[in-house]
Amino acid sequence: MALTIGSDAPAFTVKDTNGNTVSLSDFQGKTVVLYFYPKDDTPGCTKQACSFRDAQPNYQNKDVVVLGVSADNEASHQAFTQKYNLNFPLLADTNQSLIKAYDVDGGGYAKRVTYVIDGNGKIIHVDGTVNTTTHASDVLAALGL
């Protein structure tokens, strides 16, 4: 069943780029942009990640947390982060539990879908038609920020 605006965001606990444990509950009271993407260091995924990297000051100024999610492991995320100077965490969903919980399973990889979750854990925005080049600014605009 697809997650929609107003749904409770599924809780999660996974490892990030640096092996730190990250849970959705860590961000209670903050807005979370949880964006799913197919694979590290591929053309579209790189454009999308770099759009968030470049817009990160705008997100931080609005107290919004950006988290990228793919089925890649921590080592892949580290290499991707270093190569492109990414300034936000990537979550390693190697067992695809988040991908399944958020209904973005593309058959072994994550479909390109973004969920925005409010500080109370409710989904407030869903974007399933992502423009990888402008995605970060598109999400800000959709949130009126």
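## Contacts and cores

In this predicted model, Tyr102 touches Leu3, Ala9, Pro10, Phe12, Leu24, Leu34, Phe36, Tyr115 and Ile117, with residues up to four places away in sequence left out of the count. Tyr102 also belongs to the largest nonpolar core, a set of 23 residues in which Phe12, Leu34, Phe36, Leu91 and Tyr102 have the most contacts. Strand S3, strand S4, helix H3 (97–101) and strand S6 each supply at least two residues of this core. As a general point, nonpolar side chains in soluble globular proteins tend to be buried together.

## Helix H1 and the annotated cysteine

The UniProt record, an unreviewed entry, places the feature "active site" at Cys45, and this residue lies in helix H1, which covers residues 43–61. Is Cys45 buried or exposed? Because its relative accessibility is 1%, and buried means under 20%, Cys45 counts as buried. Leaving aside residues up to four places away in sequence, Cys45 touches Tyr37, Pro38, Lys39, Phe80 and Arg112.

Cys45 is one of the buried residues of H1, among them also Thr46, Gln48, Ala49, Cys50, Ser51, Phe52, Ala55, Gln56 and Tyr59. The elements against which the buried residues of H1 pack are listed below.

| Element | Residues |
|---|---|
| strand S3 | 31–36 |
| strand S4 | 64–70 |
| helix H2 | 74–84 |
| strand S6 | 113–117 |
| helix H4 | 135–142 |

The length of H1 can be checked against expectation: at 1.5 Å a residue, its 19 residues should span 27 Å, and the end C-alpha atoms are 28 Å apart, which agrees. After H1 comes Asp63, whose phi is positive, near 60°.

## A loop residue

Ser25 lies in the loop between strand S2 (21–23) and S3. Ser25 counts as exposed, because its relative accessibility is 55% and the cut-off for that class is over 50%. Although Ser25 and Asn120 are 95 residues apart in sequence, their C-alpha atoms are 9.3 Å apart in space.

Methods
Residues are numbered from 1 along each chain as its sequence is written. This is a predicted model: local features need pLDDT of at least 70, side-chain atom pairs count only at pLDDT 80 or more; totals for chains, interfaces and linings use all residues. Side-chain values use heavy atoms; hydrogens and water are left out. UniProt positions are given in the numbering used here, feature names are shortened, and annotations may be inferred rather than shown by experiment. Helices (H or I, at least four residues) and strands (E, at least two) are DSSP runs, numbered from the N terminus. Buried means under 20% relative accessible area, exposed over 50%, partly exposed in between (1.4 Å probe, protein chains only). Contact means heavy atoms within 4.5 Å. The expected span of a helix is 1.5 Å times one less than its number of residues. A nonpolar core is a set of buried Ala, Val, Leu, Ile, Met, Phe, Trp, Tyr and Cys residues joined through side-chain atoms within 4.5 Å.
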